[in-house]
Amino acid sequence: MKHARIEHLGQAIDVTVNDSGDLVTATGEIIEQRNAKWLSPVANPGTIFALGLNYADHASELAFAPPTEPLVFLKGNNTLTGHQTPSYRPDDIDFMHYECELVAVIGKEARNVKREDALAYVHGFTICNDYAIRDFLENYYRPNLRVKSRDSLCPIGPWLVETNDIKDLSKLKIQTHVNGELTQEGSTSDMIFDVPFLIEYLSSFMTLKPGDLIATGTPKGLKDIQPGDVVRCSIESIGTLENPVLSEHDFYAQR
Amino acid sequence: MNTILQGKVVCVALNDQQQIDTMKGLFEQAPYQALPTEPVLYFKPHNTWNQGNSPISWPESSDDRLVVGASLALIIDKRCCRVNQHEALNYVKELAILHDFSLPEQSYYRPDIKGKCIDQSATLSESAPLSALGALDKLAISTSVNGIEKSNFKLSQTVRSAQQLIEKISHIMTLEKGDIIAFAFAGERIDVAPNDHVKSVVGSTLQLENLVAGDK
């Protein structure tokens with residue numbers, strides 16, 4: 001089952017997405033996609049965890065040795081924006097890149113959970129694009145909030161897919177297209193720390209709560225993104241998350 | 001009744017000029033290579049929010065040390081997006097004291113999730129209006145453990161003022177009503193032990209007390 005949240009006639013509503021792509025409300029009303037604005041599929045996102053250097057090919061692309069312990073950072077919920085809503089490129093920078101990532105959405109409180117049991121604590125999975133502004137990297141709490149916690153720079157969605165509906169989490173194809181051109185390709189099989197491991201790791205020193213998100217890192221294939229670009233992140237069995245990129249000026253002018 | 005933590009809790013590290021001066025030699029070497037040019041920020045996520053001001057549990061992940069930092073906390077009063085420092089305080093009506101219990105920091109190079117995300121490790125005092133506190137840079141935060149003063153941090157000693165930080169942070173992320181910026185921690189955090197009583201005050205206007213739970 002695919003669960004989404006949309007804005008329709010000025011109201012945020014929970015819907016499911018049927019096989020023909022229509023949106024179905026709790027009372028069975030059908031809404032066409034073109035009459036809805038996509039919201040983040042998680043109504044009250046809690047802590048947003050993201051992984052750095054969690055694919056070996058990406059780590060070497062950035063000239064880092066793969067980590068021996070997960071490199072986890074946190075993001076503010078100001079970063080989230082729905083499918084087909086805009087992100088922005090800050091003015092006066094040289095390098096902003098997308099990061100297509102599998103996101104686990106926590107479904108129930110988890111503390112000291114073993115990896116064998118971990119998926120029982122996951123409500124489902126979605127996709128995010130965890131943009132980074134490399135110009136703003138500094139060697140303090142790297143990757144720092146100025147790089148990773150900016151308004152709208154983490155599109156998420158379009159929907160959440162329940163765990164049971166995903167055949168094999170460890171073999172999902174990941175692709176990013178920029179303006180239709182394939183620029184990133186990988187597989188979750190190359191993840192260094194997988195979702196069950198991450199839940200065991202995080203829950204060993206803190207409580208995970210429903211609505212917490214774990215963005216699991218991105219494979220190789222970075223490319224600079226400019227205003228006007230349309231970036232499409234796809235993960236097999238989940239879907240495709242597409243977002244336009246505006247200039248900083250245009251983005252804040254229309255907010 | 002203490003002020004309720006909600007939304008984003010943004011803490012500013014390395015905002016003590018004396019600490020920067022002391023650590024300058026270290027920060028010019030690898031892995032840092034240079035002093036920070038922008039505020040050094042971290043979040044206290046929602047599992048850390050100690051709403052009932054209950055005793056701080058000794059974290060399982062700690063070998064033998066737990067430390068506390070006390071800061072003045074700015075409580076954002078309305079949506080604050082890309083504001084100028086000269087208008088920054090228009091977005092703050094109330095202030096409080098925030099305690100951040102954490103593991104001692106060995107390094108500032110990577111985000112310190114294990115050290116900062118301990119369950120129930122962030123507490124907030126009752127708030128007071130900005131107008132009751134006067135000029136922020138004249139204030140000091142005094143922290144005592146079991147009645148003995150361990151730290152007295154003057155806000156004149158911060159690298160960046162509240163106003164400058166609101167400008168900087170609101171250009172990274174839109175702040176919402178109820179979000180918090182804790183910006184005035186002394187560089188040196190204070191060691192605590194089981195059964196310790198921690199109390200911080202700002203003059204006679206703000207005060208926050210916490211107990212560290214009894215068993216390791």
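Modeller: Start with one residue pair. A:Lys173 stands opposite A:Ser187, a residue of E16(A). This is a predicted model, so read every position as computed.

That pair belongs to a longer run of pairing. Strand E15 of chain A covers residues 173-178, and strand E16 of chain A covers residues 181-187. The two run antiparallel and are joined by six bridges. Strands of a sheet pair through backbone hydrogen bonds, either parallel or antiparallel.

Now look at the turn. E15(A) and E16(A) form a hairpin with two residues between the strands. In this hairpin A:Asn179 takes a positive phi, near 50°.

Strand E18 of chain A, residues 230-235, pairs with E15(A) in the antiparallel sense. Five bridges make up this pairing. Here A:Gln175 has A:Ser234 of E18(A) as its bridge partner.

Step back to the whole of chain A. The chain is divided into domain 1, residues 1-39, and domain 2, residues 42-253. The C-alpha centres of domain 1 of chain A and domain 2 of chain A lie 24 Å apart. Their contact takes nine residues from domain 1 of chain A and twelve residues from domain 2 of chain A. On the domain 1 side, strand E1 (2-8) and strand E5 (37-39) of chain A each give two or more residues. E1(A) gives the most to that side, with four residues. By class, the side of domain 1 of chain A that touches domain 2 of chain A has five nonpolar, one polar and three charged residues.

Next comes the contact between the chains. Chain A supplies 24 residues and chain B supplies 30 residues. On the chain B side, strand E2 (40-43) and helix H2 (113-116) of chain B each supply at least two residues. E2(B) gives the most to the side of chain B that touches chain A, with four residues. That side of chain B has 18 nonpolar, six polar and six charged residues.

Chain B has its own sheet to inspect. Four strands form an open sheet in the order E8-E7-E11-E12 (chain B), with antiparallel pairing. The edge strands are E8 (148-154) and E12 (206-211) of chain B, and each pairs on one side only. From one strand to the next, the twist averages 15°. Within this sheet, strand E7 of chain B, residues 140-145, pairs with E8(B) over six bridges, again in the antiparallel sense. B:Ile141 stands opposite B:Phe153 of E8(B).

One more residue in chain B is worth a stop. B:Ala122 sits in strand E5 of chain B, residues 122-124. B:Ala122 counts as buried because 28 other C-beta atoms lie within 10 Å, and the cut-off for buried is 20 or more. Leave aside its neighbours within four places in sequence. B:Ala122 is then in contact with B:Leu5, B:Val9, B:Lys44, B:Thr48, B:Trp49, B:Asn50, B:Leu98, B:His99 and B:Asp100. B:Asp16 and B:Ala122 are 106 residues apart along the chain, and their C-alpha atoms are separated by 20 Å.

Note on methods:
Residues are numbered from 1 along each chain as its sequence is written. Chains are lettered from A and ligands numbered from 1 in the order in which they are written. This is a predicted model: local features need pLDDT of at least 70, side-chain atom pairs count only at pLDDT 80 or more; totals for chains, interfaces and linings use all residues. Two strands pair if DSSP finds at least two bridges between them. Axes are lines fitted to C-alpha atoms, for helices over the stretch in contact, and angles run from 0 to 180 degrees between N-to-C directions. Two residues are in contact if their C-beta atoms, placed from the backbone, lie within 7 Å. Ala, Val, Leu, Ile, Met, Phe, Trp, Tyr, Cys and Pro count as nonpolar, Asp, Glu, Lys and Arg as charged, and the others, Gly among them, as polar. A residue is buried if 20 or more other C-beta atoms lie within 10 Å of its own, exposed if 12 or fewer, and partly exposed in between; C-beta atoms are placed from the backbone. Domain bounds come from an automatic or database domain assignment.
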